[in-house]
Amino acid sequence: MFKKILIANRGEIAVRVIRACRELGITAVAVYSDVDRAALHVRNADEAYHIGPSAAMESYLNIQKILEVAKRCGADAIHPGYGFLSENAEFAQACADARLKFIGPSAASIEMMGSKTRARQAMEKEGIPFVPGTSSGVDSVEQAGRVAAKIGYPVMLKAASGGGGKGMRLVHTKEELGSALEGAQSEARRSFGDGEVYIEKALLNPRHIEMQVFGDQHRNIVYLGERECSIQRRHQKVLEESPSPIVDSDMRRRMGEIAVRVARTAAYTNAGTVEFLVDENRNFYFLEMNTRLQVEHPVTELTTGLDLVHLQIRIAAGERLPFTQADISLRGHAIECRVYAEDPDNNYLPSPGTISLLLDPSGPGIRLDSGVYEGWTVPIDYDPLLAKLIGYGADRPQAVSRLARALNEYFVGGIKTNLPLLRRILAQPDFQAGDVDTGYLDRLPKSEAAEVKHEENIAAIAAGLFATLERSSAVANDGRGASTWKKVARADALRGIT
Amino acid sequence: MLYEVSIDGKDHQLQLDLVDGGWRCRLDGLLVTVEAALNRPNVLSVLMNGRSYDLKRELTATGMNIWVGSVCYEAQIRDPRSLRGRKDGAGDDLSPRKLVAPMPGKVVRILVRERAEVEAGQGVVIVEAMKMQNEIKSPKKGILQKLLAAEGSNVNAGDVLAIVE
């Protein structure tokens, strides 16, 4: 087993991995940029080392610097978290070359799945269903037009190296195709350094359902159940749950077996996720494979009873999967919501700043994976994810009610968050009925219409009481032990109005 | 304690008095008694007629947000007897300064004659509002240049009562 693991990440996922290291008796090493000196992952780690300026390119994406620190501190493995270098084949290879274990799949697996067109070619060869379209980049508008005419509009243009909604265009008609292709290609070139764009048929408001897989270094691969991730804003997930309200055991088995086949084609090891688009007739199509631990892994942990980060570390250390597919059974229902520092009523504008007050929820069936604390300043330099709040219950209604209850306990002051939006989603009858697809958030009405305000009176009284009680407690600090009566009298006397 | 409170842009008058360990609140026409505990900065527990309110405050650039449960109200508060935060409270000691009525009320007494010398903080006019008498004090040492208020007259918030030079 490893003795010391360097976590090449920040925020809640770094804290999550540090916790797993602690639980396994492994020394946890954090790295941080200028602006993250006081971040929670630095405070929680056993050791922490500075790796550069705030810009991610010069710190959390700086392969040389991270490897240098790992060697200097004597780490024997690196956990990349998600995002940053987690799906960077060059980094995985550089770790291997430096005799540091990369906790994740091999560089070759990452490389194969990193290009969506290459992955589609592999799936084509394996006979795995994927969304109809090209399995390589299109070279010209003419070629794109021919393909689009064959599969039928609307079509989706996608960057082969893309992710997070960048380099993506929905095209409804032939006329839009030329400029959309140009836009997608240049955005892909700018964002990923690769202008390759392919075409696939656009499924209208599909569901996004993914399957967790896990492989060890002894050719065992299992699936650990699906996650429904249809609630998204701008192609980024907001709320995920397991199991999916529309997946029954037969569909789960079929999806799971295909996911395992996908992983096998890449000789996959460690944690991975196979994403599918699902149409209204519950047909599912391979979309892509994410070669890392997902943000939403806690819902799978709760329904399987497994700790995926422990498992990642054990498997990277060479251990076998401690169970077979037959041992996996799902129990209960889990829903995660992502708490972002952003303003959902203002086009999801990021809202960095100092957290002036933080009240965390707790209680039955609640798990909070947070990367922040009261008094800390959320920097503008990185992803706005603050924390993940997960509700677990014996069934979906209980999970929903626990999560809704916890969202009302949760308070983040000083910055804007999407907590009001999350509360609203959980209160919707269609969400409660499990009736969701990837167009859900766009259809949800804005909050102004929905919010009922009828407690101005208590708000006004509270404003006055805050001012009054604060003043008397300030005086109380001078006159220790004085009664409330004396404090108030003294406060008035100080103001010269007695 | 007397405050002017604005909630989501609507102005209210609030008077708070500590009576038998509870707070008697007169909000515009409404009279209620509540129990209040400030447990930590920005977190207030209020019990009103047996109902428990957990209230949070966020200070903002322009004032504050008061959260009642999951609903947010934009609030501003002013203590009419405090000179802090008033526009005319700023400026140097040489220029003339206005005394303004911090809230609507009735001028019940005038304490200083026109052209008389006043000390900084000396009471000049007493305005009564919501059964509370509030002394409007001179912001600086000087001469009471002009007296615009008359005993018995009604004034609105922001009316100039006197000018000290």
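**Strands, helices and domains in a predicted model**

Q: Which residue in β7(A) stands opposite Met156(A)?
A: This is a predicted model, where local features need pLDDT of at least 70, side-chain atom pairs count only at pLDDT 80 or more, and totals for chains, interfaces and linings use all residues. Residues are numbered from 1 along each chain as its sequence is written, with chains lettered from A and ligands numbered from 1 in the order in which they are written. Strands here are DSSP runs of E, at least two residues long, and helices are runs of H or I, at least four, numbered from the N terminus. Facing Met156(A) across in β7(A) is Leu170(A).

Q: How many bridges join β6 (residues 155–159) of chain A to β7(A)?
A: Strands count as paired if DSSP finds at least two bridges between them. β6(A) and β7(A) run antiparallel, and the bridge count is 4.

Q: Which are the edge strands of the open sheet in chain A?
A: The sheet has 3 strands, in the order β7-β6-β8, with antiparallel pairing. The edge strands each pair on one side only, and they are β7 (168–171) and β8 (197–201) of chain A.

Q: What angle does helix α8 (residues 174–192) of chain A make with β7(A)?
A: Contact is when C-beta atoms, placed from the backbone, lie within 7 Å. Helix α7 (residues 141–151) of chain A packs on the sheet by touching β6 and β8, at about 15° to β8(A). Helix α8(A) packs on the sheet too, touching β6, β7 and β8 of chain A, and its direction against that of β7(A) is about 170°.

Q: How many residues of helix α10 (residues 297–304) of chain A are buried?
A: Buried takes 20 or more other C-beta atoms within 10 Å of a residue's own, these being placed from the backbone. Among the buried ones are His297(A), Glu301(A) and Thr304(A). The helix is mostly covered, with a buried count of 8 of 8.

Q: What separates the centres of domain 2 and domain 3 of chain A?
A: Domain bounds come from an automatic or database assignment, which gives domain 2 as 132–201 and domain 3 as 207–450. Taken over C-alpha atoms, the separation is 28 Å.

Q: Which residue in β8(B) is the bridge partner of Trp67(B)?
A: In chain B, 8 strands close into an antiparallel barrel. There, 5 bridges join β7 (residues 64–68) to β8 (residues 71–78). Trp67(B) bridges to Cys72(B).

Methods
A residue is buried if 20 or more other C-beta atoms lie within 10 Å of its own, exposed if 12 or fewer, and partly exposed in between; C-beta atoms are placed from the backbone. Two residues are in contact if their C-beta atoms, placed from the backbone, lie within 7 Å. Axes are lines fitted to C-alpha atoms, for helices over the stretch in contact, and angles run from 0 to 180 degrees between N-to-C directions.
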